[in-house]
Structures are given as structure tokens and as C-alpha cells.
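Here is a friendly walk through some side-chain contacts. Take a look at the structure first, and then we'll go through them together.

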Amino acid sequence: CGKLAVRDMLANLPQLCSEEKATERLLEWERHKEMGTALSRFLGVECVLYRNLLSSVRAALVSLQEAMDGGQRLSHDLLQIAYCIFFNQVPPTWLASSFQTMRPLAAWMVDLHERVN
């Protein structure tokens with residue numbers, strides 16, 4: 001797993017939208033009678049899940065980048081993530097809080113980007 005791969009993944013990871021912006025969008029959905037509150041609640045839960053997923057992926061990639069630069073010790077978890085990146089597999093820790101997929105890591109990242117944006 002190279003430093004360049006980790007840097008590219010971080011650069012292409014979708015940005016988190018602020019909680020205020022997400023709440024504002026959900027309130028807009030609720031105002032539309034045909035959408036109802038069930039859909040807005042579902043979307044609210046999805047927003048929280050994706051925010052948590054993006055936060056954990058970003059934190060793992062930043063930690064891995066620091067470890068590769070020598071600023072942090074390479075833990076077993078980081079080593080497993082590096083191994084998965086090298087072999088184009090989604091790390092199990094990411095899958096645990098993600099949508100289930102059989103796709104390789106590169107396709108999973110594209111799918112994640114499309115789902116969030």
C-alpha cells in the first residue's frame with residue numbers, strides 16, 4: 001500500500017456536510033406533504049450512518065498516512081487496512097458500518113461517493 005494510494009483516497013473521499021445543512025434539507029423534505037415524515041426520518045438515519053462511515057474512513061486513512069510517514073506506530077488495525085488497500089478490498093472495519101457489497105475497494109469508493117453526493 002503506497003502513500004500515493006492513501007493520499008488519493010483521502011482526496012477523493014466525499015466531504016461531510018454539516019449537521020445544520022443536513023437538518024435543513026430534512027426539514028425541507030418534511031414540508032412537502034407528499035413526502036411525509038417517514039421518508040424524512042429514514043433520510044435522517046441514513047445521514048447519520050454515512051456521516052459516521054465517512055468519519056471513520058477518513059480517520060483511518062489519516063492515521064495510516066501518519067504511520068507511513070513515521071509519525072505514528074503501525075497498529076494491527078492499520079496494517080489490516082493497508083493490506084486491504086493493497087489488494088483492492090474493502091477493510092472489514094469499514095464494511096461493519098457500511099452498506100454491504102461484494103465490490104472491490106475502488107468500486108466501493110466510487111459507490112460511496114455516488115451515494116453521499
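## Before we start

A residue is called buried when its relative accessible area is under 20%, exposed when that is over 50%, and partly exposed in between, using a 1.4 Å probe and protein chains only. This is a predicted model, where local features need pLDDT of at least 70 and side-chain atom pairs count only at pLDDT 80 or more, while totals for chains, interfaces and linings use all residues. Residues are numbered from 1 along each chain as its sequence is written, and side-chain values use heavy atoms, with hydrogens and water left out.

## Rings together

Two rings count as a pair (Phe, Tyr or the six-membered ring of Trp) if their centres lie within 6.5 Å; planes under 30 degrees apart are stacked, over 60 edge-to-face, and the rest tilted. By that rule there are 5 aromatic pairs. One of them joins tyrosine 50 and phenylalanine 99: the ring centres are 6.4 Å apart and the planes sit at 45°, so this pair is tilted. Tyrosine 50 belongs to helix α3 and phenylalanine 99 to the loop between α5 (92-95) and α6, 49 residues apart. Helices here are DSSP runs of H or I with at least four residues, numbered from the N terminus.

Both tyrosine 50 and phenylalanine 99 are buried. They also share one aromatic cluster with Trp94 and Trp108.

Phenylalanine 86 and phenylalanine 87 make another pair, with centres 4.8 Å apart and planes at 85°, so it is edge-to-face. Phenylalanine 86 is exposed at 56% relative accessibility, and phenylalanine 87 is partly exposed at 44%.

## Salt bridges

What about charges? A salt bridge needs a side-chain nitrogen of Lys or Arg within 4 Å of a carboxyl oxygen of Asp or Glu, and the whole structure has 2 of them. Lysine 3 bridges to aspartate 69, with the closest N and O atoms 3.4 Å apart.

Arginine 115 bridges to aspartate 111, at 3.2 Å between the closest N and O atoms. Both are in helix α6 (residues 105-116), 4 residues or about one turn apart. Arginine 115 is partly exposed at 43%, whereas aspartate 111 is buried at 11%.

## Arginine 115 again

Arginine 115 also lies over the face of phenylalanine 99, 3.8 Å from the ring centre. To count, NZ of Lys or CZ of Arg must be within 6 Å of the ring centre and within 35 degrees of the ring normal.

Technical notes
Helix = DSSP H or I, 4+ residues; strand = E, 2+ residues; numbered from the N terminus.
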